[in-house]
Amino acid sequence: STAAGSLGTYYNYNRTGLSYTVAATSTDADDTITYAITSGALPSGLSLNTSTGAITGDGASVSSSTTYSFTITATATGEGGTTNTAARAFTLTNAHKVVTSFTSTGSGTYSVPSGISSLEVLVVAGGGGGGSTNGGGGGAGGLVYAPAFPVTPGGSVSYFVGSGGGGADARNGAAPTNQSRGGTGGQSTFGQLTANGGGGGGSRGDASNSYAGEVGNPGGSGGGGSSSDSPGQSQPGGSSNQPSNGGHPAGQGFGNSGGNGGVRSPHTAGGGGGAGAAGANAAQNSRNNGGVGKTYSISGSSVGYAGGGGGYGSQQGQSDESYWSQGSSGGGNAVFTGDIMNNPAIPQGRGYVNGAANRGGGGGSIGTNIPESNSPQPQNGTAGNGGSGIVIVSY
């Protein structure tokens, strides 16, 4: 009673828990009907129930769309052992994973393919910029993952990809203000799914404010607090303002606070928060790393996103007072910009690092605004920029 031909198509996002039914009836209600594959083969991972005709299982992931052809024969057996058979040819299509990545900052529209009612979606906002002059690391952009985001087949969804925030620039010796912190990253969206931009890291400033430093800005993940010269006045990291569901019940939102800054001596600042963990709090003789991000394989390979930028680290007794604080999952490393030539223990020419593009990492902070002509990579006093965001859609 099931017509020959296609039984359906399934995609990577819905290849588990599959169920299709082939049915037959007999003119004699007392007959027992059994089913069997008599030519061809079912897709890998699926099996036929010989008593009910149900085809169930979890389909395998494939790199290209594959159609499987097979014949099912239904056999009706009567009380006297007499049999009658009927055979029909069917197909099932295992469609490969289709991935669309939006990497250019700005707005656009995604067209939902016909027949698709649910999408796997990853939304990452732009990371915050790092702070300057013993500054805090930039906070990562907020991250939202939706394993089954409902959509209308054949419809459309608006999206926006946020840019990274600019690194703080201390060349003019400006006293701390909101503008002297690292810039806040831009928000990214897909429909109602919303990832907030990462907060900028705080900067220590100059003599006009007694080098009191700044708190980290809030954001999807907060920026790290800067170093301070004022006793008892440590600067806290920025908080996370990323909603836990990313603005939709199907979403999972992630963001963490930036690490707290320290008080001289020595100078040390907090790491930017990441999607997977808070930034490290400032401590003596430490690398104040940015918070780790989170890793997903939605693009077809395992990639880390939304890691915090490194905060300026410190080691007593070293001429440059610097440890190399690190970012991960797209977050930038921190660096001291003084005379690294005089300290052979410090890697040469490493430079500060911007947050990685299209991964929403926070920018690395910077130690001082003094350029050194004899350094293999002279610095100009500008901390690392936050990395731009990304929106990835698959089915």
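Two strands are taken to pair if DSSP finds at least two bridges between them, and strands themselves (E, at least two residues), like helices (H or I, at least four residues), are DSSP runs numbered from the N terminus. The model described here is predicted, so that local features need pLDDT of at least 70 and side-chain atom pairs count only at pLDDT 80 or more, whereas totals for chains, interfaces and linings use all residues. Residues are numbered from 1 along each chain as its sequence is written, and side-chain values use heavy atoms, with hydrogens and water left out.

The secondary structure of the chain comes to 0 helices and 20 strands. Of the 395 residues in the chain, 52% are buried, where buried means under 20% relative accessible area, exposed over 50%, and partly exposed in between (1.4 Å probe, protein chains only). Among contacts (heavy atoms within 4.5 Å) with a separation of 6 or more, 64% are accounted for by residues 24 or more positions apart.

Strands of a sheet pair through backbone hydrogen bonds, either parallel or antiparallel.

Strand 3 pairs with strand 6 (residues 66-77) in the antiparallel sense over 8 bridges, and the bridge partner of G40 in strand 6 is F70.

Aromatic pairs were assigned where the ring centres of Phe, Tyr and Trp (its six-membered ring) lie within 6.5 Å, with planes under 30 degrees apart counted as stacked, over 60 as edge-to-face and the rest as tilted. By this rule the count comes to 7 aromatic pairs. The pair F102 and Y159 is stacked, because the ring centres are 4.0 Å apart and the planes stand at 25°. Since F102 lies in strand 8 (residues 99-102) and Y159 in strand 12 (residues 156-161), this pair ties together parts that are 57 residues apart in sequence, and both F102 and Y159 are buried. The pair F149 and F190, by contrast, is edge-to-face, because its ring centres are 5.8 Å apart and its planes at 65°. Here F149 belongs to strand 11 (residues 143-150) and F190 to strand 13 (residues 188-190), so the pair ties together parts that are 41 residues apart in sequence. F149 counts as buried at 5% relative accessibility, and F190 is likewise buried, with a relative accessible area of 0%. F102, Y110, F149, Y159 and F190 form one aromatic cluster.

The loop between strand 14 (193-195) and strand 15 (252-254) contains S234, which is partly exposed, with a relative accessible area of 44%. Not counting residues up to four places away in sequence, S234 touches G261 and V263.
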